[in-house]
Amino acid sequence: MKTAVTAAQDSQAIQPPPESLIPGGRPTIFVTGAASGIGRACAELFARRGWFVGLYDINADGVAALASTLGEGNAVSGPLDVTDPEEWHRALADFWRQGGGRLDVLLNNAGILASGRFEEVPLAKHFAMLRVNVQGMVTGCHCAFRYLQRTPGSHVINIASATAIYGQPELVTYSGTKFAVRGFTEGLDLEWNKFGIRVSDIWPSFVKTAMADNFDHIPSAKSLGIRLRPVDVASTVWTCATAIQLIRKIHWTVGFQAWVLSLATRLAPAAITRWVVQRLAV
Ligand SMILES: NC(=O)c1ccc[n+]([C@@H]2O[C@H](COP(=O)([O-])OP(=O)(O)OC[C@H]3O[C@@H](n4cnc5c(N)ncnc54)[C@H](O)[C@@H]3O)[C@@H](O)[C@H]2O)c1
């Protein structure tokens with residue numbers, strides 16, 4: 001895993017990409033972590049609705065297999081470790097060429113989770129979550145900027161989590177990474193407004209994916225249950241990407257539980273929220 005950014009890579013990031021090849025062609029979405037779960041469901045939904053889809057994952061065979069099910073000319077796939085800027089540059093350049101010279105939506109979905117008592121989870125696993133969930137998103141936005149800037153109405157959508165609403169025991173670092181996604185999203189949305197680039201994030205509660213295999217002993221997962229399917233999240237991502245909004249909405253909850261928790265943290269005093277989360281999660 002290469003994470004150091006060299007001066008050459010950084011200067012590459014500020015050079016303009018080639019001109020759009022087919023102005024006005026069909027919209028495109030670049031999905032990270034597309035081989036399974038939520039990323040896969042999003043890719044399938046957007047492809048079904050006529051978008052050109054970029055499928056990227058450390059599981060290169062997984063995304064290649066998915067691409068072959070989406071029909072000739074509808075998708076491109078490739079290997080991508082989201083923590084590696086060089087791989088981002090290669091993947092984005094290929095996607096830009098094959099997708100007709102536009103990047104309408106960058107979906108930063110790739111993520112990992114390690115749960116358990118904070119002091120018992122090995123430090124390497126805490127660091128890995130910070131790298132993939134936070135550094136991966138930051139690297140993706142930095143490398144994709146020049147493509148987003150060249151695409152009118154472009155949009156970055158980051159997959160956060162309901163754990164970005166209130167910190168969760170036994171998911172402490174994971175939850176911390178999702179708070180980072182939340183803050184990053186808010187700040188970058190304000191900063192990139194001048195370029196016409198929107199930035200939003202999605203807050204699902206627990207979803208039945210491979211990641212949920214780790215949820216057995218998470219107290220909040222046991223009390224709330226795992227009720228969402230990847231297609232539920234995909235449907236919210238679709239609305240977030242395509243809805244015409246009079247008032248800009250940055251954070252999108254998925255599921256009744258995340259909506260209630262989000263509302264409660266805005267309305268209830270902090271001490272009450274802490275008490276409720278403690279009852280659910282300890
Ligand atoms: N499952 C849930 O309950 C849940 C709830 C809220 C948010 N999320 C978030 O949704 C996103 C997708 O998770 P999922 O539930 O579909 O999990 P998943 O494990 O099914 O899918 C994650 C994908 O990311 C890929 N990936 C992992 N590390 C990568 C890297 N360094 N570079 C590129 N790809 C990488 C994996 O190969 C996998 O295909 C994550 O950001 C996760 O935190 C999940």
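The legends below describe close-up views of a predicted model.

Residues are numbered from 1 along each chain as its sequence is written, and side-chain values use heavy atoms, with hydrogens and water left out. Local features need a pLDDT of at least 70 and side-chain atom pairs count only at pLDDT 80 or more, while totals for chains, interfaces and linings use all residues.

**View 1. Confidence along the chain.** The average pLDDT of the protein is 90, and 91% of the residues score at least 70; pLDDT is the predictor's confidence in each residue, from 0 to 100. Residues 1-23 have a pLDDT below 50. Beyond near neighbours in sequence, this stretch makes 41 contacts in the model, a contact being heavy atoms within 4.5 Å. Where pLDDT is low, the predicted coordinates should not be read in detail.

**View 2. The open sheet of seven strands.** The strand order is β3-β2-β1-β4-β5-β6-β7, with parallel pairing. Strands (E, at least two residues) and helices (H or I, at least four) are DSSP runs numbered from the N terminus, and two strands pair if DSSP finds at least two bridges between them. β3 (75-79) and β7 each have a single partner strand, so one side of each is left without a neighbour in the sheet. From one strand to the next the twist averages 15°.

View 3. β6 and β7 run parallel and are joined by four bridges; I202 is bridged to W252 in β7. W252 and V254 form the covered face of β7, and H251 and T253 the uncovered one. α9 lies across β6 and β7 at about 130° to β7. α8 lies across β4, β5, β6 (198-204) and β7, and runs at about 160° to β6. These angles run from 0 to 180 degrees between N-to-C directions, with axes fitted to C-alpha atoms, for helices over the stretch in contact.

**View 4. A258 in helix α9.** A258 belongs to α9 (residues 256-267). At 1% relative accessibility A258 counts as buried, since buried means under 20% relative accessible area, exposed over 50% and partly exposed in between (1.4 Å probe, protein chains only). P204 is 54 residues away from A258 in sequence, but their C-alpha atoms are 6.5 Å apart.

**View 5. The largest nonpolar core.** This core has 34 residues, and L55, I202 and V237 have the most contacts inside it. A nonpolar core is a set of buried Ala, Val, Leu, Ile, Met, Phe, Trp, Tyr and Cys residues joined through side-chain atoms within 4.5 Å. Elements that each supply at least two of its residues include β1 (28-32), β2 (52-57) and α8 (230-242). The largest share, seven residues, comes from α2. A second, separate core of 25 residues includes Y56, W96, C141 and W192.

View 6. G62, V63, L66 and A67 are the buried residues of α3. They cover an arc of only 135° around the axis, which puts them on the same side of α3; the arc is that of the directions from the helix axis to the C-beta atoms. These buried residues pack against α2, β2 and β3. D61 and S68, on the other side of α3, are exposed. G71 follows α3 and has a positive phi, near 95°.
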